[in-house]
Each structure stands twice: as structure tokens, then as C-alpha cells.
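Reader: I'd like a close look at one part of this protein, please, and a plain walk through what surrounds that part.

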Amino acid sequence: MVCLTVLAGQVVAAETPSSIKLPGYEAVAVSYAPVNRMLIRATVNDHQANFVVDTGAGVSVLEQGRARAFGVTPTEPNSPYGQFKVLNNQSFRVGLISSLRAGNMDFGSGPIALSDFTPRNNSSFSLRVLNMDGVFGADILTHYKAVINCQTRQIYFKVDPSRRLQLAAFAMSHGFTRIPLHEEVGRSFTVPCSINGHAARLLVDTGAPLTTFNQTAAKSAGISFQTTRLTSTFSDGVRRGISVGQFNQLSVGNFKVPPQKFAAVVLPPFAAQQGNVPVDGILGMELLSLNHAIIDFDSMSLFLR
């Protein structure tokens, strides 16, 4: 879910630790950019490309103008990959990549959604503003049982299906709290949370620069808000006003978040409802980074410390 907001500071991260090697996995470095984006550098048909890593996007996307420059053309009507994909209630043409690589990881060939740069297509506009060529979405991340390590700034892609990574025992022995990650309809991922003792669910979204709550749900949990002049624009192109409230009793799973202020908006329907599951907020990159998040799509776990 590519979300552009003016309420976005820089991710504050410690020095990147040395690379950690995992047997059966290929590690690819990522970096952090302004407005709290996790970026991965790749090659598309031997052309250099920059992608936002976005767990909130069910499918990967390549900006259509860049696709033409990279030699990626739309699929034909009889293609086994189809001609269109739907993301956040928007329809995208499908293109076929002949070769996709990142670091030493070879993803081979396959389909990708093509996003045309038009004023009505805000997700593509966001990519252009960020000088990004596309989005690495959940389709790639789940296929390769990726492990995203926000502290070491690496993504590990499984290349040996027989390998079983005992990540939970290792992470919990190092002070992490494990939170179950649930896959919803449309390949989105949520975690349980508690707001002032009220049960809720958050969408885990590395494409969102800030953690943002659904204002209606948070108010029902007793949080009061102050309006601001700031706005947030989601991929539906609608500009929404941002309010700010103090959260003193917030837990993600069993992980207690220190008291602090968070943003709230009236979330668009595609964000507030994941299949049959209502979502009360978006767990964004600033909170994931500051709490050294590890997202493991093999064991379906989020680890925070």
C-alpha cells in the first residue's frame, strides 16, 4: 500500500550490523530513504531499477513508463498470467519480466502489474515523486518465504525449500517478542493489538511511512485527537485530514509500545477492511524500524524488540 503523507520524518536507525548469513537463504541489502521508505535495488531485464519494499501491496508493480524503457511489454489476451491484476480496488495491466535480480538473488521471469503515470493514479504518482521505479510486493515476498530484518537492513529469500529456519527461538532469546502474523484475503497481513484494553488489528505495511490509526476505531477506545493542517493521500487519490492523539496503553500482540503520539485518519475502505476482517490501523515503517522488526513469512511471525 503506497501511501504518501506530509507527516513523515526520517527513519532514525542505528548503524547497520554486519551481515548475518542464513543457511538456505540469499541475503539482499535494503536501504532507508527519506519519508521512511525501505528500498531495494534490482535489475529488470538487465536495467537498474529501484523498488519500494511494500508488504501492504498484494502484487508487485512496475511504473509503466519505466517498464517500456526496460523492455517489459503488456501480456497478450491468451497469456497464462492474464491481462489485468487488481490492487487496492484499482485495475493494472500485466507485463512479463524476462529477468529480475537483486544482489545475488535471481527471481527469474514472471508477471508484474504495470502502473501508468496519470493524475488519477496516485500510486504511480507516489512512485514518481519518490523517484522509484516500482514496488516489491507481497507476491514476491511470500513466494520466497522472505525474512525482512529492519535492523540489519536485509531481506533473506529462501532458495532451499528443505531448510527450516529456527528464527523464533533465536529472536526470543535476544529479547524479541513474537507476534503471530495472519494472512488476510488479498494477501495482506495483520497482527493483533490492544488500544486501552480494546482488542484491535493492525495492517503490517512497510510501504506506509508512519503508523496511522483509524480515527473512528481509536476514538471508540477512548483516544482523543487534535486536528492538524496536515493531510494524507492514499492510493485512491483522496486527501484526508490527519489528527494526532496520545496513546498511553498500546500493545502489538504482547509487545508494549512506549506511550507516544500517533496519527489518525479516516482510513479508506480498502485499508479499513481486509476481506471480512476490520482493520483499526496501519503499522508503518517508523514503528517497525525503531523496534528492530523482523517479519518472517515462513513462520508467519512479526518480531519486535
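Reader: How many bridges join β13 to strand β27, and do the two run parallel or antiparallel?

Author: Four bridges join β13 to β27 (residues 301-304), and the two run antiparallel. Before going on, some ground rules. This is a predicted model, where local features need pLDDT of at least 70 and side-chain atom pairs count only at pLDDT 80 or more, while totals for chains, interfaces and linings use all residues. Residues are numbered from 1 along each chain as its sequence is written, and side-chain values use heavy atoms, with hydrogens and water left out. Strands here are DSSP runs (E, at least two residues), numbered from the N terminus, and two of them pair if DSSP finds at least two bridges between them.

Back to your pair. Arg-178 stands opposite Phe-303 in β27. Both strands belong to an open sheet of six, ordered β2-β12-β11-β26-β27-β13, with antiparallel pairing. β13 (177-180) is at one edge and β2 (25-29) at the other, each with a single partner strand, so one side of each is left without a neighbour in the sheet. From one strand to the next, the twist averages 15 degrees (axes are lines fitted to C-alpha atoms, and angles run from 0 to 180 degrees between N-to-C directions).

Now for Leu-302. Along with Phe-157, Leu-302 touches the most other members of the largest nonpolar core, which has 61 residues. Such a core is a set of buried Ala, Val, Leu, Ile, Met, Phe, Trp, Tyr and Cys residues joined through side-chain atoms within 4.5 Å, and buried means under 20% relative accessible area (1.4 Å probe, protein chains only). Leaving aside neighbours within four places in sequence, Leu-302 is in contact (heavy atoms within 4.5 Å) with residues including Thr-177, Arg-178 and Ile-179, as well as Val-191, Leu-283 and Ile-295. There's also a second, separate core of 12 residues, with Ala-208 and Leu-267 among them.

For another pairing, look at β9 (residues 105-115). Strand β8 (residues 90-102) runs antiparallel to β9, with eight bridges, and Leu-100 has Gly-108 as its bridge partner. In the hairpin of β8 and β9, two residues sit between the strands, and Gly-103 takes a positive phi near 60 degrees. Strand β6 (residues 61-63) is parallel to β9, through three bridges, with Leu-62 partnered by Leu-114.

How far to trust it? The chain's mean pLDDT (the predictor's confidence in each residue, from 0 to 100) is 87, and 88% of residues reach 70 or more. Over residues 1-18, though, pLDDT stays under 50, and over residues 118-125 it is below 50 too.

Technical notes. Buried < 20%, exposed > 50% of the residue type's maximum accessible area, 1.4 Å probe, protein only.
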